[in-house]
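Student: I am new to this structure and would like a close look at a single part of it. Please take the surroundings of one ligand and go through them step by step.

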Amino acid sequence: MKLVILFFFTLLSLFGREAITPILPDTNLNSQKITLGKKLFFDTRLSENNTIACASCHKLSEGGDDNLQFSFGINAQEGNINAPTVLNAVYNFRQFWDGRAKNLQEQAMGPIENPIEMGFNFPDLIVKLNKTEYKNLFSHIYSEGITKLSITDAIAEYEKTLITPNSAFDKYLLGDKDALTKKQKEGYELFKSKGCISCHNGVNIGGNLYSKFGVVENSKSKSLGRYNITGKKRDIYFFKVPSLRNIAHTAPYFHDGRTSSLKKAISIMAELQTGRFVSEEELKKIELFLHSLSGELPKDGVIYVP
Ligand code: HEC
Ligand code: HEC
């Protein structure tokens, strides 16, 4: 009997705990690498013809993405997948929509060599950077000098600072019950009761699992998602569940940027993922709740460094 009661209380405490946790800055970062990584992130010399930087598609003052359906890379070439935000990307369990990079460092190797993004290659980039001020800057931090690993390590260290703490919702989670309006609190309750939280949870309110886009109804997606990486049928239309932090600033939405309206995005989710009816009034409340997920954005040049 005692065991049963104990089990009951363990369950209670588990369910009582919020499934979403606030951002608590990591103070254990290397400031020299951050400064170097920041310089690299904004430097167009990392592209083959000196026109595109990471920051060209990930504009920090605009929510960490480019507000376009598809990005434009080198020589005005258009991509075919929506750029996610770099803000809080450090909290994602994998990087890219299909999760093909295991962390920020591995991710950063992608765009530099992507022919329609920065269109360069590491051997030539290293030769190029060694003729510049970077030669000294790297040698002060990395004994091996400029390499593919040191370039991407510095960029990744900088990206770890691109977090957005102190959103109204985080304040609420940390005990300030007035940080949300009445409607936002109702929106949060709906977010839970309609089942959104089953996929969008954890510190990033997403970013910690894969899910099919179109659980209840076909999403009519052109991209097959994770299937392209694994070749397994069960991965067709599976994508990394995106973070909902700063979602008010990162339109257009979904991997194919199919809508720029946040309300529309919520109704698409209700229809395709939960199959539950959500009234106009409820949509508005969920939208207001999602607005409470906007944190302190790093302003261009002035970033949040713990
Ligand atoms: C031409 C536009 C463009 C440039 C330049 C670019 N990115 Fe991206 N970035 C994207 C797109 C598009 C994706 C999504 C690609 C995918 O998932 O297949 C992406 C994905 C990412 C992600 C993954 C986020 C997530 O939630 O999965 C990170 C992190 C990132 N980029 C950082 C960088 C860094 C660092 C650089 C510079 C080395 C860079 N990007 C350069 C467009 C760009
Ligand atoms: C079964 C898992 C699941 C459930 C439940 C779910 N989502 Fe999603 N959500 C996803 C996935 C996967 C995507 C990305 C789909 C894509 O673009 O391929 C997504 C994308 C989104 C986006 C767009 C994010 C962006 O950056 O483009 C929003 C907004 C969103 N969801 C809100 C909600 C809301 C609100 C609910 C509840 C009504 C909900 N989701 C329920 C899995 C889920």
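Predicted model: local features only at pLDDT ≥ 70, side-chain atom pairs only at ≥ 80, totals over all residues.

Tutor: A polar contact is a pair of N or O atoms within 3.5 Å. A nitrogen atom of ligand 2 lies 2.9 Å from an N or O atom in the side chain of H200, so the pair falls within the 3.5 Å limit for a polar contact.

The iron atom of ligand 2 is coordinated by NE2 of H200 and SD of M269, at 2.1 to 2.2 Å. The iron atom has six donor atoms, with angles of 87 to 179° among them, and its site is octahedral. H200 and M269 come from distant parts of the chain, 69 residues apart. H200 sits in the loop between helix 9 (182-193) and strand 1 (210-212), while M269 belongs to helix 11 (residues 262-274).

The two coordinating residues can also be described by their accessible area. H200 has a relative accessible area of 9%, and it counts as buried because that value is under 20%. M269 has a relative accessible area of 23%, so M269 is classed as partly exposed, the range between 20% and 50%.

Next come the contacts made through the backbone. An oxygen atom of ligand 2 is 2.7 Å from a polar backbone atom of F254. For H255, a backbone N or O atom lies 2.7 Å from an oxygen atom of ligand 2.

Ligand 2 is surrounded by 23 residues, and the closest are C196, C199, H200, H255 and M269. Helix 11, where M269 is found, gives the most to this shell, with five residues. By class, the shell around ligand 2 holds 16 nonpolar residues, seven polar ones and no charged ones.

The shell of ligand 1 can be set beside this. Ligand 1 has 28 residues around it, and the closest are C54, C57, H58, F96 and K240. That shell divides into 16 nonpolar, eight polar and four charged residues. In the side chain of K240, an N or O atom is 2.5 Å from an oxygen atom of ligand 1.

To return to ligand 2, its iron atom is held by H200 and M269, in an octahedral site, and the shell around the ligand has no charged residues.

Key: Residues numbered from 1 in each chain as written. Chains lettered and ligands numbered in written order. Heavy atoms only, no water. Donors = N, O, S within 2.8 Å, 3.2 Å for Na, K, Ca; no water. Tetrahedral: all angles 85-135°; square planar, octahedral: opposite > 155°, others 65-115°. Helix = DSSP H or I, 4+ residues; strand = E, 2+ residues; numbered from the N terminus. Buried < 20%, exposed > 50% of the residue type's maximum accessible area, 1.4 Å probe, protein only. Near = heavy atom within 4 Å. Polar contact = N/O pair within 3.5 Å; in protein donor to acceptor, adjacent residues only side chain to side chain. Nonpolar A, V, L, I, M, F, W, Y, C, P; charged D, E, K, R; others polar.
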